[in-house]
Amino acid sequence: MQLKKTTTMAKDSENTSVLHNVIAQGTKITGSIDANSDIRLDGTLEGNLNCNGKVVIGAQGSILGDLHCNNSDILGSVEGKIFVSDTISIKSTASITGEIHTKILSIEPNAVFNGTCEMARHE
């Protein structure tokens, strides 16, 4: 697992550091991952992913297990239960089999979703 540090410029010219994790294509992880910052998965995870930020699953990325996060963009495949506290965006290249529990759901044309979805407003 790689940890990438990126610096961005704020409007008031202050530098802030943003940390996110990257799992590269060709990497296979068996077991659960707990992350406090954003994560991008371009490899394969056989296990659960718990993230306190945003999860991006790249077009070559896949999860066989459950996903828990705040927001998610899915371009690859997920087989399992997905729990997103805010917004999940399922892109045209995505393939999902299982359950989705979320507040906001966006599905692009040509995406594949086989399963159930429960949407609830959290106020």
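Here are some notes on this predicted model, point by point.

1. **Confidence.** The part to watch is residues 1-17, where pLDDT stays under 50. For that stretch the model has 26 contacts beyond four places in sequence, a contact being heavy atoms within 4.5 Å. Where pLDDT is low, the predicted coordinates should not be read in detail.

2. **Overall make-up.** You get 13 strands and 0 helices. Both are DSSP runs numbered from the N terminus: helices are H or I with at least four residues, strands are E with at least two. Of the 123 residues in the chain, 35% are buried; here buried means under 20% relative accessible area, exposed over 50%, and partly exposed in between, with a 1.4 Å probe and protein chains only. The accessible surface comes to about 7,100 Å², and carbon and sulfur atoms hold 46% of that (Shrake-Rupley method, 1.4 Å probe; for residues, only the protein chains shown count as cover).

3. **Contact order.** Take the contacts in the chain with a separation of 6 or more: residues 24 or more positions apart account for 1% of them.

4. **The core.** The largest nonpolar core has 24 residues. By that I mean a set of buried Ala, Val, Leu, Ile, Met, Phe, Trp, Tyr and Cys residues joined through side-chain atoms within 4.5 Å. The residues with the most contacts inside this core are Leu 49, Val 55, Ile 63, Leu 67, Ile 74 and Ile 82. Elements giving two or more residues to this core include strand S7 (49-51), strand S8 (54-57) and strand S10 (67-74), and S11 gives the most, with 5 residues. Ile 63 is worth a click: leaving out residues up to four places away in sequence, Ile 63 touches Leu 41, Leu 45, Gly 47, Leu 49, Ile 57, Ser 77, Val 78 and Glu 79.

5. **Ser 37.** This one is in the loop between strand S4 (33-35) and strand S5 (38-41). The side chain of Ser 37 has a polar contact of 3.4 Å with that of Asn 21. For a polar contact, a pair of N or O atoms must lie within 3.5 Å; within protein, one must be able to donate a hydrogen and the other to accept it, and residues adjacent in sequence count only if both atoms are side-chain atoms. Beyond four places in sequence, Ser 37 touches Leu 19, His 20, Asn 21 and Cys 51.

6. **Glu 99.** Found in strand S12, Glu 99 counts as partly exposed at 28% relative accessibility. Its side chain makes a polar contact of 2.9 Å with the side chain of His 101. Not counting residues up to four places away, Glu 99 touches Gly 80, Lys 81, Ile 82 and Thr 116.

7. **Glu 118.** Over in strand S13, Glu 118 is partly exposed, with a relative accessible area of 48%. Beyond its neighbours within four places in sequence, Glu 118 is in contact with Ile 100, His 101 and Thr 102.

8. Most residues other than glycine have a negative phi. Asn 110 has a positive phi of about 80° although it is not a glycine. Asn 110 is in the loop between S12 and S13 and is exposed, at 69% relative accessible area.

Methods
Residues are numbered from 1 along each chain as its sequence is written. This is a predicted model: local features need pLDDT of at least 70, side-chain atom pairs count only at pLDDT 80 or more; totals for chains, interfaces and linings use all residues. Side-chain values use heavy atoms; hydrogens and water are left out. pLDDT is the predictor's confidence in each residue, from 0 to 100.
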